[in-house]
Amino acid sequence: MSSSTTSPYGGLPVGGPGPRKPLTLPRLAEMRARGEKIAMLTAYDATFAAMADAAGVDCLLVGDSLGMVCQGLPSTVGVSLETMRYHTESVARGLQRVQGAAWLIADMPFGSYQESREQALRSATVLMQAGAQMVKLEGGGWTTETVRFLVERGIPVCAHLGLTPQTVHALGGYRVQGRGEQAAAVLTEQARALQDAGATLLVLEMVPAALSATLTQQLAHCATIGIGAGQGTAGQVLVLHDMLGMNLGKMAKFVRNFMLDAPGIADALAAYVRAVKDGSFPDDAVHAW
């Protein structure tokens with residue numbers, strides 16, 4: 001695959017100066033160790049998956065955020081496992097058609113892993129068979145043993161702490177998490193336990209920047225991915241529609257619309273990757289909590 005290669009999706013250009021090596025867990029660990037920022041975006045269909053991969057995005061997350069941006073639901077709670085399977089298959093096909101290199105993660109939706117570890121294994125199996133290379137689940141504490149159970153059975157896991165949208169009602173809304181000494185201590189304990197259980201990625205959402213930076217330094221074997229958590233994390237993730245300025249509601253203050261200075265979507269995606277890699281996104285002076 002070279003810079004002249006095109007995908008089957010409307011002549012989409014694929015790749016840069018040469019083919020990328022497929023992302024793997026060891027390669028992600030190497031990136032974290034040498035301080036290279038990890039660029040992650042959500043994706044829900046084949047075409048955007050191929051475009052994001054061509055732009056150099058390291059990880060694609062089939063997020064249950066699709067419930068809000070694709071289905072028009074008020075939250076992620078109503079997303080089903082079958083819906084996640086469908087969109088995971090779609091994204092995986094997009095990457096396969098263009099020899100994509102991005103690491104593919106799929107969210108385990110609300111109600112698909114809370115009942116038991118065995119239920120979590122069945123749900124994770126559905127998503128892995130659909131093409132995911134890793135599954136993501138939300139929360140700490142009780143989820144630790146579920147993570148361990150999955151990892152011991154060969155399923156890579158991305159954890160998620162801070163604002164966990166599936167439990168937004170219990171958290172009292174979309175609010176910053178980990179503020180104050182006691183809350184920070186709980187979040188830190190949960191993060192360490194998830195790492196010890198085998199989680200190799202950890203999304204930190206709407207967590208104070210100082211706490212996120214501290215956790216990033218403390219977690220030796222688990223790369224942190226921030227969303228509204230400052231620039232001190234090992235990587236960043238945004239919802240695809242948000243970073244393209246396609247938001248039906250109020251845009252979170254940590255989001256940057258990369259379409260504002262880009263002539264097209266491919267340019268905006270590439271600009272996002274560059275900004276994550278060079279540390280210019282996010283801007284803590286603007287988005288610090």
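These legends go with several close-up views of a predicted model.

Residues are numbered from 1 along each chain as its sequence is written, and side-chain values use heavy atoms, with hydrogens and water left out. Because the model is predicted, local features need pLDDT of at least 70 and side-chain atom pairs count only at pLDDT 80 or more, while totals for chains, interfaces and linings use all residues.

**View 1. A closed barrel of 8 strands, with parallel pairing.** The strands follow the order β1-β2-β3-β4-β5-β6-β7-β8 around the closed barrel. From one strand to the next, the twist averages 25°; axes here are lines fitted to C-alpha atoms, for helices over the stretch in contact, and angles run from 0 to 180 degrees between N-to-C directions. Helices (H or I, at least four residues) and strands (E, at least two) are DSSP runs, numbered from the N terminus. Two strands pair if DSSP finds at least two bridges between them. As one example, strand β6 (residues 201-205) and strand β7 (residues 223-227) run parallel and are joined by 5 bridges. Look for Glu-205, which stands opposite Ile-227 in β7.

**View 2. Strand β3 (residues 103-107) and its neighbours.** Strand β2 (residues 59-62) pairs with β3 in the parallel sense over 4 bridges, and Cys-59 stands opposite Trp-103 in β3. Strand β4 (residues 134-136) also runs parallel to β3, joined to it by 3 bridges; here Ala-106 stands opposite Val-135 in β4. To get from β3 to β4, the chain passes through helix α5 (residues 117-129) in a right-handed β-α-β crossover. Right-handed means that, with the strands pointing away from the viewer, the path from the first strand over the helix to the second runs clockwise.

**View 3. Both faces of β3 are covered.** In a regular strand the side chains alternate between the two faces of the sheet. Trp-103, Ile-105 and Asp-107 are buried on one side, and Leu-104 and Ala-106 are buried on the other. That makes 5 of the 5 residues of β3 buried. Buried means under 20% relative accessible area, exposed over 50%, and partly exposed in between (1.4 Å probe, protein chains only). Over in strand β4 you will find Lys-136, which is buried because its relative accessible area is 4%. The C-alpha atom of Lys-136 is separated by 8.8 Å from that of Gly-63, 73 residues apart along the chain.

View 4. The structure holds 0 disulfides, a disulfide being a pair of cysteine sulfur atoms within 2.5 Å. The closest cysteine sulfur to that of Cys-59 belongs to Cys-158, and at 8.5 Å it is too far for a bond. Cys-59 is buried, with a relative accessible area of 0%, whereas Cys-70 is partly exposed, at 40%.

**View 5. An aromatic cluster of Phe-258, Tyr-272 and Phe-281.** A pair of aromatic rings is described by the distance of the centres and the angle of the planes. Rings of Phe, Tyr and Trp (its six-membered ring) pair if their centres lie within 6.5 Å; planes under 30 degrees apart count as stacked, over 60 as edge-to-face and the rest as tilted. By this rule the count comes to 4 aromatic pairs. One of them joins Phe-258 and Tyr-272 edge-to-face, at 5.5 Å centre to centre with 90° between the planes. Phe-258 sits in the loop between α10 (240-243) and α11 (265-278), and Tyr-272, 14 residues apart from it, in helix α11. Phe-258 is buried at 7% relative accessibility, and Tyr-272 is buried at 0%.

**View 6. A charge over a ring, at Arg-153 and Phe-149.** The charged end of Arg-153 lies 3.6 Å from the centre of the Phe-149 ring. A charge sits over a ring if NZ of Lys or CZ of Arg is within 6 Å of the ring centre and within 35 degrees of the ring normal.

**View 7. Backbone details to look out for.** Most residues other than glycine have a negative phi, and most peptide bonds are trans. The peptide bond from Phe-281 to Pro-282 is cis, with omega near 0°, and Pro-282 belongs to the loop between α11 and α12 (284-287). Gln-99 has a positive phi, near 55°; this residue is in the loop between α4 (81-97) and β3 and is exposed, at 61% relative accessibility. Met-206 also has a positive phi, near 50°. You will find Met-206 in the loop between β6 and α9 (209-218), buried with a relative accessible area of 10%.
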